[in-house]
Amino acid sequence: MADLNAIFYGTPSSRSKETASNSSLTSLKHSDGRKHILSVTTYQMCILMLFNSRTQWTYEDMKSETDIPDKDLTRALLPLSMGKVSQRVLIKEPKSMNIEPTHVFSVNDSFQSKLYKIKISPLAAKGESEPERKETRMKVDEDRRYEIEAAIVRVMKARKKMQHNILITEVTEQLKSRFMPSPTVIKKRIEGLIDRDYLARSQEDIKTYTYVA
């Protein structure tokens, strides 16, 4: 078997199980030492990490392995395998705009970029009905919920005790490169973590939180 020149990792924090596994950052490391951080959707991260075990995957095999619905799998794969040849993360055979069950994907070992951190924009959904748009929004919100909670836990684990407004500011700072969470949403996620005993309110000040080990 040929050596795979690109290795995909989850974020360091997800590998140490300190945050939720739905992180959207994946590290792409080449055998020659080059390294890039890819900002991708959760589905795209699942797809990329398949290539750590095999050099090639058909669309049909990916679907079977990940259980990602057809429409979502196609939407996740196209941005990874389209565009300028040297900047495609994956190579698709045959080289066509559509994707069929037997089409084969492999890692583009000639991938090049001057950027260290690269955002792979998801394919825009076209012609979706209102229920489909609602489902898409719900999936995005669910992904972001995990990211916000993971950021809260990271900050609180490092600081142990923090006042509400400062925690909101630090979480926003951590996430603003990917999306801008509203203070109201962060507050709801803090309350969710309190309900699940990850955090607790300080007995001296209800606007101060403590990390529960």
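Analyst: Lys 160 is located in the loop that joins α5 (130-159) to β8 (161-163); helices (H or I, at least four residues) and strands (E, at least two) are DSSP runs, numbered from the N terminus. The model is a predicted one, in which local features need pLDDT of at least 70 and side-chain atom pairs count only at pLDDT 80 or more, while totals for chains, interfaces and linings use all residues. Residues are numbered from 1 along each chain as its sequence is written, and side-chain values use heavy atoms, with hydrogens and water left out.

Although Lys 160 is not a glycine, its phi is positive, near 70°. Lys 160 counts as partly exposed because its relative accessibility is 47%; buried means under 20% relative accessible area, exposed over 50%, and partly exposed in between (1.4 Å probe, protein chains only).

A positive phi is also found at Asp 67, another non-glycine residue, with a value of about 60°. Asp 67 sits in the loop between α3 and α4 and, at 66% relative accessibility, is exposed. A further backbone feature is the cis peptide bond from Glu 93 to Pro 94, with omega near 0°; Pro 94 belongs to the loop between β5 (90-93) and β6. In the loop between β6 and β7 (117-119) lies Lys 114, which is exposed at a relative accessible area of 89%. Its C-alpha is 9.5 Å from that of His 36, a residue 78 places away in sequence.

Helix α2 (residues 42-50) and helix α4 (residues 70-81) have axes that come within 9 Å and cross at roughly 70°; axes are lines fitted to C-alpha atoms, for helices over the stretch in contact, and angles run from 0 to 180 degrees between N-to-C directions. The two helices are therefore roughly perpendicular (65 to 115 degrees; under 35 is roughly parallel, over 145 roughly antiparallel, the rest oblique). On the α2 side, Tyr 43, Gln 44, Ile 47 and Leu 48 make the contact (heavy atoms within 4.5 Å), and they meet Asp 72, Leu 73, Ala 76, Leu 77, Pro 79 and Leu 80 of α4.

Asp 72 of helix α4 counts as buried because its relative accessibility is 10%. Beyond four places in sequence, Asp 72 touches Tyr 43 and Lys 139.

Ile 47 and Leu 77 also belong to the largest nonpolar core, which has 24 residues; such a core is a set of buried Ala, Val, Leu, Ile, Met, Phe, Trp, Tyr and Cys residues joined through side-chain atoms within 4.5 Å. Both are among the residues with the most contacts inside this core, as are Phe 51, Met 62, Val 89, Leu 90 and Phe 105. Two or more residues each come from α2, α3 (59-66), α4 and β6 (104-107), and α4 contributes the most, five. Ile 47, its neighbours within four places set aside, contacts Met 62, Ile 68, Leu 73, Ala 76, Leu 77, Leu 80 and Leu 90. Another core lies apart from this one; its 18 residues include Ala 151, Ile 152, Ile 194 and Tyr 209.

Over the whole protein, there are seven helices and 10 strands, and 38% of the 213 residues count as buried. The average pLDDT (the predictor's confidence in each residue, from 0 to 100) is 80, and 76% of the residues score at least 70.
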